[in-house]
Amino acid sequence: MLRTMLSKSPRIAIRKAMLPAFLAVLTSFLGCAATPSESMKAAVSARDCAKFNASLMDPEFETLGRGESVWRYRQHTGDRSFATSVEDGRFYFSRIDDEPWGVLSQKIADPLLSGRTVRYSADLKGDVSDLVTHGFGAKSGLYLRYGQGRASILAEHEPNIGQWDWQRVALEVRVPEGFDQVYVGFIYQGGEGVLSARAPKVELLECLP
């Protein structure tokens, strides 16, 4: 019996010696695993997708210019430098004075936005000169503001300057955790000309087919 116990002792010692290494590997693996905030969120139901897709109000700009309109205009400073008008569901944004930029936008608020990727798209047609007298850069198109502070995506799509016929363009951004709203709309930051838009739409990326 003593001989049997002695023969098992080296095996026990080897296993004990390997234990720290095994624990180190296990700790490393767990350290690389996603934290709860990084893990995949629960899938969005078809019903919630449809509800979110309808969260952008007045996509035909029928209330533009009225006091109760969801579309709000703002510009850099000074006297109004951009004209806005609507005809047959199409929005027209044109330069009439010298301020560098103007924005028309509305707020989208929904708890589903937190930690998810939102896609904002619209049909755009452009006749926008690249000759400007400001240092902000010549471009015009979609506007998307999100997260903390003033993080914005300004017409970061092609085309966004010059002349082009109707074309669908889109912006996408992952909204940080804890934030449940974005601002979507249009920016005019080019020279002389007009930007035309129709059929704006907001969607969650995971709701797309």
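The model is predicted, so local features need pLDDT of at least 70 and side-chain atom pairs count only at pLDDT 80 or more, while totals for chains, interfaces and linings use all residues. Residues are numbered from 1 along each chain as its sequence is written, and side-chain values use heavy atoms, with hydrogens and water left out.

The protein has two helices and ten strands; these are DSSP runs numbered from the N terminus, with helices being H or I of at least four residues and strands E of at least two. Along the sequence, the pattern reads α-α-β-β-β-β-β-β-β-β-β-β. Of the 209 residues, 36% are buried, where buried means under 20% relative accessible area, exposed over 50%, and partly exposed in between, with a 1.4 Å probe and protein chains only.

Now to the backbone. Most residues other than glycine have a negative phi, and most peptide bonds are trans. Which peptide bond is cis? The bond from Glu158 to Pro159 is, with omega near -5°. Pro159 sits in the loop between strand 7 (152-154) and strand 8 (162-174).

Asp88, which is not a glycine, has a positive phi near 55°. Asp88 belongs to the loop between strand 2 (82-87) and strand 3 (90-95), and it counts as exposed because its relative accessibility is 73%.

Ala199, also not a glycine, has a positive phi of about 50°. Ala199 is located in strand 10 (residues 193-204). Its relative accessibility is 38%, so Ala199 counts as partly exposed.
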